[in-house]
Amino acid sequence: TLCKQRRESIRLFKEAGRQELVDKEEAELALLMGYLPQQLTREELEALVMKIIAEVGATGGKDMGKVMKAIQPQVAGRADGKLVSEVVKEKLA
């Protein structure tokens, strides 16, 4: 949650042209990231999503809920939920 807050702050500060605040938030984000488990790369996440899609027999967008329910325990703390949702949507399309 704190990392998400820092990323949002960085985005807003960049839009406002406040580089000194961007630098401060980026430093805090780097510190926080040191305490989190190793994050999955997009490629690793895509491979895991494809495996789950095959396991649950998902065929389209209507099966997104089944895929998300199956994948959440495996990616908890290792991937941002927004990214997981984006990859699942992409693979089911």
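Because the model is predicted, local features require pLDDT of at least 70 and side-chain atom pairs count only at pLDDT 80 or more, while totals for chains, interfaces and linings use all residues. Residues are numbered from 1 along each chain as its sequence is written, and side-chain values use heavy atoms, with hydrogens and water left out.

The protein contains five helices and zero strands. Helices (H or I, at least four residues) and strands (E, at least two) are DSSP runs, numbered from the N terminus. From that terminus on, the order of elements is α-α-α-α-α. The radius of gyration is 16 Å, well over the 12 Å that the globule rule gives for 93 residues, so the protein is more spread out than a compact globule. This radius is taken over C-alpha atoms, and the rule is 2.2 Å times the number of residues to the power 0.38. The C-alpha trace spans about 50 × 25 × 20 Å along its principal axes. Of the 93 residues, 28% count as buried. Buried means under 20% relative accessible area, exposed over 50%, and partly exposed in between (1.4 Å probe, protein chains only). Among contacts (heavy atoms within 4.5 Å) between residues at least 6 apart in sequence, 56% join residues at least 24 apart.

Two packed helices are described by the angle between their axes and the distance between the axes. Axes are lines fitted to C-alpha atoms, for helices over the stretch in contact, and angles run from 0 to 180 degrees between N-to-C directions. The axes of helix 3 (residues 42-56) and helix 4 (residues 64-75) come within 9 Å and cross at roughly 130°. Helix 3 is therefore oblique to helix 4. Angles under 35 degrees count as roughly parallel, over 145 as roughly antiparallel, 65 to 115 as roughly perpendicular and the rest as oblique. The crossing of helix 3 and helix 4 is right-handed; the near helix is turned clockwise from the far one by less than a right angle. Leu45, Leu48, Val49, Lys51, Ile52, Ile53 and Val56 of helix 3 meet Lys66, Val67, Ala70, Ile71, Gln74 and Val75 of helix 4. This contact has 10 nonpolar, one polar and two charged residues. Ala, Val, Leu, Ile, Met, Phe, Trp, Tyr, Cys and Pro count as nonpolar, Asp, Glu, Lys and Arg as charged, and the others, Gly among them, as polar.

Helix 3 also packs against helix 5 (residues 81-92), with axes that come within 10 Å and cross at roughly 55°. The pair is therefore oblique. The crossing is right-handed. Helix 3 contributes Arg42, Leu45, Glu46, Val49, Met50 and Ile53, and helix 5 contributes Leu83, Val84, Glu86, Val87, Val88, Glu90, Lys91 and Leu92. These residues divide into nine nonpolar, no polar and five charged.

Leucine 45 lies in helix 3. Its relative accessible area is 0%, so leucine 45 is buried. Beyond four places in sequence, leucine 45 touches Leu40, Ile71, Val75, Leu83, Val84 and Val87. Leucine 45 and valine 84 are 39 residues apart in sequence and 7.4 Å apart in space, C-alpha to C-alpha.

The loop between helix 3 and helix 4 holds aspartate 63 and glycine 60. Aspartate 63 is buried at 8% relative accessible area. Leaving aside neighbours within four places in sequence, aspartate 63 contacts Gly57, Ala58 and Leu92. Glycine 60 is buried at 13%. Glycine 60 and lysine 91 are 31 residues apart in sequence and 8.7 Å apart in space, C-alpha to C-alpha.
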